[in-house]
Amino acid sequence: MQKTSKLIVVNAAPYETRVATLESGILVELLIERGEDRNSVGNIYNGKVIRVLPGMQAAFVDIGMDKAGFLFAGDFVTPQLEFDADPAEEPVLPEEIGIRPARFPQETFIPPIEGLMREGQHLLVQVAKEPLGTKGARITSHITLPGRHLVLLTWSAHIGISRRIEEPEERDRLSRIVETIRPEGMGAIVRTAAEGRSEAELKADMDYLVRLWETIRKKSESTAAPVLIHRELSLSLRAARDLFSSESDRIAVDSQEEYDRIRSFASQFFPRIQDRIELFDGPEPIFDHYGIEIEVTRALDKKVWLKSGGYIVIEQTEALTVVDVNTGKYVGRTSLEETTAKINLEAVKEIVYQLRLRNIGGIIIIDFIDMKSEENREKVYNALVDTLRADRSKTTICKISELGLVEMTRKRVRESLGRSLSDACPYCSGEGVIKSKKTICYDVFRTLERQGLILSGKQVSLYVHPALAEELFGEERRFLEILEQRYGMKVNISASDKYHIEQYRIEPG
């Protein structure tokens with residue numbers, strides 16, 4: 001299978017660093033790090049247990065963040081584990097490096113959490129998932145340390161090989177090498193970048209990771225909790241370490257300072273890629289030059305048009321994400337079944353692209369246009385499965401239901417692009433709708449009626465948004481006059497932009 005060459009584009013500014021991954025010129029992933037708001041996945045902390053929850057087999061651990069970390073009992077104990085049939089889910093960035101929930105055989109007994117830890121106990125833990133929304137970080141005591149070629153498993157003797165290394169002979173060779181160089185009681189995941197590398201290169205990577213682990217352990221023994229023990233690399237250095245997977249990959253950086261930093265880092269740890277790091281000095285911004293900026297803007301839209309004239313709508317909620325496929329302007333040529341099958345097949349590629357680009361995870365429901373033909377359903381389902389093979393995040397997919405729905409999950413370890421770049425609308429608070437002007441007018445009328453006896457015979461000041469004032473002076477004026485006559489009041493309307501359109505204030509004169 002031919003490997004897709006990548007271009008990694010680094011836009012480094014004092015306030016923000018953005019890293020875009022282009023495959024064959026197409027943007028497939030965007031990662032952002034802003035000022036001090038650095039990614040915490042992969043960070044290692046001395047934590048302090050503040051609450052043990054027997055009913056949830058979990059504990060809350062203070063690691064110095066705004067919200068306590070959540071530690072499940074299975075991420076604390078280390079019995080004999082069952083790994084995936086494909087054990088080396090390819091790690092791309094620290095968000096996905098080896099930090100996977102442990103899988104236990106069904107007969108494995110996990111001791112009660114209250115017997116494993118107590119309040120006030122100090123633990124060495126690693127962030128496995130960023131805080132999401134109102135939830136604190138997911139943490140684990142299964143510490144993993146990523147290198148260029150290997151990911152060191154400090155808690156397990158397991159050896160895994162990246163699924164993207166396909167040749168059986170190469171997989172066996174790498175497994176034998178790692179078996180000889182790993183410390184006793186520790187294991188490793190062999191990354192894609194290790195393919196074809198010598199034993200000396202792999203041993204150098206392993207030796208560096210083992211030294212790093214010893215440094216972390218010693219530091220943890222001499223510091224009080226809660227405290228950060230080890231911080232993951234900056235976004236641009238992680239990109240240099242993790243995203244190169246073939247000899248044709250390149251990285252373009254628009255900052256001399258960041259370019260020098262990446263080159264220095266590469267020369268120390270993986271000199272092979274040093275010559276493929278380029279300084280971009282074009283006349284226009286680097287993201288504009290490669291057509292990335294317009295794709296980022298497009299990734300924030302709910303509606304995404306397809307080339308045929310159909311479109312998909314992506315709606316994110318707290319619980320799940322819904323993707324709706326529509327025919328739009330496309331009317332087809334032969335039959336309704338042919339039209340729907342063509343739109344659905346075209347939508348598959350765009351949906352997977354958008355899921356990756358927007359980093360949408362959790363539960364996802366795809367509402368394909370209904371197809372009567374079982375053959376077409378199978379064709380669309382198989383196309384979805386095949387297209388998702390390129391996705392680095394783990395996915396689980398169910399067959400298309402009788403209603404044309406596909407239920408799937410996608411591993412989520414950080415906020416989606418939309419939630420990272422956007423805030424909830426101050427008008428609708430993220431609901432997506434606000435009350436109509438007519439509805440708000442009638443709310444005002446009902447409030448005046450409730451206070452009718454108090455306001456009777458008085459001058460009344462009504463403060464509203466200008467759009468509502470226009471409605472009250474226009475079509476709804478006659479109803480306001482009826483209320484004035486009924487209660488013997490005089491309502492004076494004042495418009496102000498400082499009011500939300502749904503807000504109003506009534507003051508007796």
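Visitor: How many bridges join strand 1 to strand 2?

Guide: In this predicted model, strand 1 covers residues 6-12 and runs antiparallel to strand 2. The number of bridges joining strand 1 to strand 2 is 7.

Visitor: How many residues lie between strand 1 and strand 2 in their hairpin?

Guide: Strand 1 and strand 2 run antiparallel. Together they form a hairpin, and the number of residues between them is 3.

Visitor: Which residue in strand 3 is the bridge partner of Leu-22?

Guide: Strand 2 (residues 16-23) also pairs with strand 3 (residues 26-34), in the antiparallel sense and over 8 bridges. Elsewhere in this pairing, Glu-16 stands opposite Arg-34. For Leu-22, the bridge partner in strand 3 is Leu-27.

Visitor: Which residue in the turn between strand 2 and strand 3 has a positive phi?

Guide: These two strands form a hairpin with 2 residues between them. In the turn, a positive phi of about 55° belongs to Ser-24.

Visitor: How many residues of strand 2 are buried?

Guide: Buried means under 20% relative accessible area. Glu-16, Arg-18, Ala-20 and Leu-22 point one way from strand 2, while Thr-17, Val-19, Thr-21 and Glu-23 point the other way, and all are buried. Strand 2 is thus mostly covered, and its buried count is 8 of 8.

Visitor: Within what arc do the buried residues of helix 13 fall?

Guide: Helix 13 spans residues 466-473, and its buried residues are Leu-468, Ala-469, Glu-471 and Leu-472. Seen down the helix axis, they line one face of helix 13, because they fall within an arc of 160°.

Visitor: Which exposed residues does the face of helix 13 turned away from its buried side carry?

Guide: The buried side of helix 13 has cover that includes helix 11 (437-450), strand 22 (459-464), helix 14 (477-487) and strand 23 (490-495). The face turned away from that side carries the exposed residues Glu-470 and Phe-473.

Visitor: Is Lys-135 buried or exposed?

Guide: Lys-135 sits in the loop between strand 7 (122-129) and strand 8 (138-140). A residue counts as exposed over 50% relative accessible area. Lys-135 has a relative accessible area of 57%, so it is exposed.

Visitor: What distance separates the C-alpha atoms of Lys-135 and Ile-454?

Guide: Along the chain, Lys-135 and Ile-454 are 319 residues apart.

Notes. Residues are numbered from 1 along each chain as its sequence is written. This is a predicted model: local features need pLDDT of at least 70, side-chain atom pairs count only at pLDDT 80 or more; totals for chains, interfaces and linings use all residues. Side-chain values use heavy atoms; hydrogens and water are left out. Helices (H or I, at least four residues) and strands (E, at least two) are DSSP runs, numbered from the N terminus. Buried means under 20% relative accessible area, exposed over 50%, partly exposed in between (1.4 Å probe, protein chains only). Two strands pair if DSSP finds at least two bridges between them. The arc is that of the directions from the helix axis to the C-beta atoms. Contact means heavy atoms within 4.5 Å.
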